[in-house]
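Okay, thanks everyone for coming. I'd like to walk you through one model today, so let's get it up on the screen.

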Amino acid sequence: MIWIRSLAFNIAFHLWTALMCFALLWMLLLPRPQMVAVVKWYLSTVGWLERTLVGIRYEVRGRENLPDGPFLLAAKHQSAWETMKLHLLVKDPAIILKRELMWIPIWGWYAAKAKMIPVDRGAGGAAIKSLIRNSRPVRDEGRPIVIFPQGTRVAPGTYRPYRIGVGMLYDSLKIPIVPMALNAGLYWPRRSFLKRPGTVVVEFLPPIPPGRPRAEAMRDLEERLESASDRLVTAAGGPPTIRPQQDEPERNKQAATAVS
């Protein structure tokens, strides 16, 4: 049954998305805020397909932790699901993404119009400088900046170290970081055809204020974001993440919890 429902969703999602990419080209002539409003409508229709065809719903916790001004949203990245919900979760976000995505015909035009922030991940230090330079105007507009601290999708239960970009932005932009934990990878697994019914939980954690030493703030971010995401994943029956710095008793404790 899951296979049939996943097949129906994948067909509907890809056909609907392809149709909208062409049918909504006129949006590129609109002012950016109006175009973003139409994009949010499209994303809400994808949410309807998720609920109707595969039974994926979502719950949001901690909205009171979102600041009024600009902030860095350090989001856990487990699947494509959260990338299609960011405009529904926070107001007018600028998402940091791979530069190559901007080269995709039509889709890249929408991303450019929405003022996403491209980064060339292979450019080393030059990429960080470009990232900071391109993020400052977005901060000055009062928009949240979304960054995936691990730099790519990471399946639940898998450890991947945090990259330097989020720390450099925190240091340079002087704005708070809001960690965003989730368990979406349990229901929309990365690189998987199957989609599983259930309720995705998204949780905004209390912000890390600006001005702290970068290394200290990054340790706090990783500890809080990984712990909260593990809590959401294991509560839904998923595997815990065993991190390298954990000692053997803690590893045994988490392994025993996963088995039980």
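Predicted model: local features only at pLDDT ≥ 70, side-chain atom pairs only at ≥ 80, totals over all residues.

Two packed helices are described by the angle between their axes and the distance between the axes. Take H5, which is residues 125–140, and H6, which is residues 165–173: their axes come within 10 Å of each other, crossing at roughly 50°. The cut-off for roughly parallel is under 35 degrees, and roughly perpendicular starts at 65, so H5 and H6 are oblique to each other. The handedness of that crossing is right-handed.

Who's actually touching? On the H5 side you've got Ile128, Leu131, Ile132, Ser135, Arg136 and Arg139, and they meet Gly165, Met168, Leu169, Ser172 and Leu173 of H6. If you sort the residues of that contact by type, you get six nonpolar, three polar and two charged.

Now, what does H6 do with H7? H7 covers residues 214–235, and the axes of H6 and H7 come within 10 Å, with a crossing angle of roughly 125°. That angle makes this pair oblique as well, since roughly antiparallel needs over 145 degrees and roughly perpendicular stops at 115. Here, too, H6 passes H7 in a right-handed crossing.

For the contact itself, H6 brings Val166, Gly167, Met168, Tyr170 and Asp171, while H7 brings Arg214, Ala217, Met218 and Leu221. By type, that contact splits into six nonpolar, one polar and two charged.

Next, the loop. Arg163 sits between strand E5, residues 145–147, and H6. Is Arg163 buried, exposed or partly exposed? Its relative accessibility is 44%, so it counts as partly exposed. Leaving aside residues up to four places away in sequence, Arg163 touches Pro149, Gln150 and Gly151. With Gln150, the two C-alpha atoms are 5.6 Å apart, although the residues are 13 apart along the chain.

Key. Residues numbered from 1 in each chain as written. Heavy atoms only, no water. Axes fitted to C-alpha atoms, helices over the stretch in contact; angles between N-to-C directions. Helix = DSSP H or I, 4+ residues; strand = E, 2+ residues; numbered from the N terminus. Left-handed = near helix turned anticlockwise from the far one by under 90°. Contact = heavy atoms within 4.5 Å. Nonpolar A, V, L, I, M, F, W, Y, C, P; charged D, E, K, R; others polar. Buried < 20%, exposed > 50% of the residue type's maximum accessible area, 1.4 Å probe, protein only.
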